[in-house]
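Here is a colleague's note for someone opening this structure for the first time. Please keep the view at hand while reading the points in order.

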Amino acid sequence: MGEETAKRVRRVAKKLGYRPNLVAQQLSGHPSKLIGAIGQDWFYDSMRLRVLSWLNKSASERCYRVISSETHDQPESLVQYLGECDARGVDGVIYMASADG
């Protein structure tokens, strides 16, 4: 496609509010731009909450999004969330274990 045609296509796409389909992009080998974050109890631990906030900010600066979940010390919740992350094709998972085990 010529440069002039490409410019015209981008102009029309912008005018129409076109947004790329992220699932289709993933199917063609592009990263999902998703990071999974798993913690015991995000909102009951100020340190973990600050880390989650920093992670969201840092990811956003790099055009990534964070999807997070709490396990509440239940191994089945961890297994379920990891399955959801796999199904969504996340690019990575961060797990914050508790300091007491």
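1. Arginine 62 and glutamate 61 are both exposed, and in this predicted model their side chains meet in a salt bridge with an N to O distance of 3.8 Å. Glutamate 61 also forms a salt bridge with lysine 57, where the closest N and O atoms are 2.7 Å apart. Through these shared partners, Lys57, Glu61 and Arg62 are joined into one network of salt bridges.

2. Lysine 57, like glutamate 61, is exposed. As a general point, side chains of opposite charge can pair when their charged atoms come close.

3. How many salt bridges does a search of the whole structure find? The search finds three, and one of them brings together the side chains of arginine 10 and glutamate 3, at 3.3 Å from N to O. Glutamate 3 has a relative accessible area of 52%, and because exposed means over 50%, this residue counts as exposed.

4. Helix H1 covers residues 3-16, and its 14 residues reach 20 Å from the first C-alpha to the last, close to the 20 Å expected at 1.5 Å a residue. Glycine 17 follows H1, and the phi of this glycine is positive, near 75 degrees.

5. Helix H4, made of residues 75-88, likewise has 14 residues and spans 20 Å between its first and last C-alpha, close to the 20 Å expected at 1.5 Å a residue. After H4 comes glycine 89, with a positive phi near 70 degrees.

6. Which residues of H4 are buried? They are Ser77, Tyr81 and Cys85. When the helix is viewed down its axis, the buried residues of H4 fall within an arc of 75 degrees, so they line one face of the helix. The cover over these buried residues includes strand E1 (34-39), strand E2 (65-70) and strand E3 (92-96). On the other side of H4, the exposed residues are Pro75, Glu76, Val79, Gln80, Asp86 and Ala87.

7. A further point for the reader concerns the surface. Phe43, Tyr44 and Leu49 make a nonpolar surface patch of about 390 Å². Of these residues, leucine 49 lies in helix H3, which runs over residues 46-61.

8. The last point follows the chain into the segment after E3, where alanine 97 is found. This alanine has a relative accessible area of 44% and is therefore described as partly exposed. Once its neighbours within four places in sequence are left aside, alanine 97 is in contact with Gln40 and Arg48. The C-alpha atoms of alanine 97 and aspartate 73 are separated by 9.4 Å, although these residues are 24 residues apart along the chain.

Conventions
Residues numbered from 1 in each chain as written. Predicted model: local features only at pLDDT ≥ 70, side-chain atom pairs only at ≥ 80, totals over all residues. Heavy atoms only, no water. Patch = residues over 30% accessible without salt bridge, like charges linked within 9 Å, V, L, I, M, F, W, Y side chains within 5 Å. Areas by Shrake-Rupley, 256 points an atom, 1.4 Å probe, with all protein chains shown as cover. Salt bridge = Lys/Arg side-chain N within 4 Å of Asp/Glu carboxyl O. Helix = DSSP H or I, 4+ residues; strand = E, 2+ residues; numbered from the N terminus. Expected span 1.5 Å × (residues − 1). Buried < 20%, exposed > 50% of the residue type's maximum accessible area, 1.4 Å probe, protein only. Arc of directions from axis to C-beta. Contact = heavy atoms within 4.5 Å.
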